[in-house]
Amino acid sequence: MAGIAPAEVVAAFKGIRTDNLSILHDMVDAALAMPTENAVTLVPAIAHAVGGRLAEFSYFPGFTNLCIRLAESDQVDAAMQLAEALFRPILREDEGRGRDQHWYAQELQRALPVLVAKRPAQVLELLSSWLGKTVSSMKVADRQTGDDHSYAWRPAIEDHQQNSEYDFASSLVAIVRDGFELAIKDDLISLISAFEILDRCRFHIFKRLKLFLIIHHADDELARQTILDSQVFDDIGLKHEYAVLLDERFGCLTSEQRETWFRRVDAGPKEDGEAREYWRFSKLHLVRRHLEEERKREYDQFF
């Protein structure tokens, strides 16, 4: 019926505001069957019904299919309206994502490529906003300082066996990361523009995401600047990403820049004794593949 007489079906559905899932599913089925220029008029009613009720959907892929179809047909405003209704996290202190978290991540990852291709900056801003609100709702997050203890709930920005598969914020980090990766690799957004989006977000996880992008996408000059940045050097919350950066990009430093870095290691922390020596060892350990002669002997003496 929707494919044969879409105008009549639209007229029947478009004014409906319902919480009945059966009717909502019928509406989505109809929207998928009709031309997108007709389907777009049903999006406000669908989006209104969807908002905040993700866990109830037994037919979630259909909603994502409609979102993708609209975007691919250049009905991007409607696609974004539906995406916001589908994927905007509804965060309540007494309500977790529970059983729908897997489907949320799977379906948002499925919609991500076409949405990023059509509206890269808008989608990345939206994803970052969702992650920021999610982190802000966590009891461990300090909204004033931006300290979020993300090293505990997301030990690595990249996929890693220590990352939690059951923590919603951790899953969302992977989606945000993938969104930025898609946009940068396809030249849809510049690295500087990506940094501007991340820099507007207060929490530490966004500094880590920025460092991840530097590791994989920055030129040697930016990599050198970051390695020698004293704030990055001293930030314990960036330890994992800084270690990866050093391991992969320390070789791009000039001999003079290497000596600058080693002098900072030699200066060490204010502590004396074993604590100071362990700190120095831990720093040298980060660049163990790049140590030469005297530095290598010094490192080996710790064993």
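## Basis of the model

Because the model is predicted, local features need pLDDT of at least 70 and side-chain atom pairs count only at pLDDT 80 or more, while totals for chains, interfaces and linings use all residues. Residues are numbered from 1 along each chain as its sequence is written, and side-chain values use heavy atoms, with hydrogens and water left out.

## Overall make-up

The chain contains 18 helices and 0 strands, where helices (H or I, at least four residues) and strands (E, at least two) are DSSP runs numbered from the N terminus. Of its 303 residues, 50% count as buried; buried means under 20% relative accessible area, exposed means over 50%, and partly exposed lies in between, with a 1.4 Å probe and protein chains only.

Contact means heavy atoms within 4.5 Å. Among the contacts in the chain with a separation of 6 or more, 65% are between residues 24 or more positions apart.

The axes of helix 4 (residues 43–50) and helix 6 (residues 76–87) come within 8 Å and cross at roughly 10°, which makes helix 4 roughly parallel to helix 6. Axes here are lines fitted to C-alpha atoms, for helices over the stretch in contact, and angles run from 0 to 180 degrees between N-to-C directions; angles under 35 degrees count as roughly parallel, over 145 as roughly antiparallel, 65 to 115 as roughly perpendicular and the rest as oblique. On the side of helix 4 the contact involves V43, P44, I46, A47 and V50, and these meet A78, Q81, L82, A85 and L86 in helix 6. The residues of this contact divide into 9 nonpolar, 1 polar and no charged, given that Ala, Val, Leu, Ile, Met, Phe, Trp, Tyr, Cys and Pro count as nonpolar, Asp, Glu, Lys and Arg as charged, and the others, Gly among them, as polar.

Helix 5 (residues 60–72) has 13 residues, which at 1.5 Å a residue should span 18 Å, and this agrees with the 19 Å between its end C-alpha atoms; the expected span is 1.5 Å times one less than the number of residues. Its buried residues are F60, G62, F63, T64, L66, C67, I68, L70 and A71, and what covers them includes helix 2 (21–33), helix 3 (36–39), helix 4, helix 6 and helix 7 (101–118). Helix 5 is followed by D74, which has a positive phi near 65°.

## Helices 12, 13 and 15

Helix 12 (204–217) and helix 15 (239–249) pack at an angle of about 10°, with their axes 9 Å apart, and they are therefore roughly parallel to each other. Helix 12 contributes R208, L211, I214 and I215 to the contact, while helix 15 contributes E241, Y242, V244, L245, E248 and R249. By class, this contact has 6 nonpolar, no polar and 4 charged residues.

In helix 13 (residues 220–228), the residues A223, R224, T226, I227 and L228 are buried. What covers these buried residues includes helix 12, helix 14 (230–234), helix 15 and helix 16 (255–267).

## Salt bridges

A salt bridge is a side-chain nitrogen of Lys or Arg within 4 Å of a carboxyl oxygen of Asp or Glu, and by this rule the count comes to 18 salt bridges. One of them joins R177 and D159, whose closest N and O atoms are 3.1 Å apart. R177 lies in helix 10 (residues 168–185) and D159 in the loop between helix 9 (150–153) and helix 10, so the pair ties together parts that are 18 residues apart in sequence. R177 is buried, with a relative accessible area of 7%, whereas D159 is exposed, with a relative accessible area of 61%. In the loop between helix 9 and helix 10 there is also E158, which is partly exposed at 23% relative accessibility and which, leaving aside its neighbours within four places in sequence, is in contact with N163, R177, F212, H240 and V244.

R280 and E277 meet in a salt bridge at 3.9 Å, N to O, and, being 3 residues apart in helix 17 (residues 274–286), they are separated by about one helical turn. R295 and E298 form a salt bridge at 3.5 Å, N to O, and both of these residues are buried. Salt bridges that share partners join D266, E277, R280, R295 and E298 into one network.
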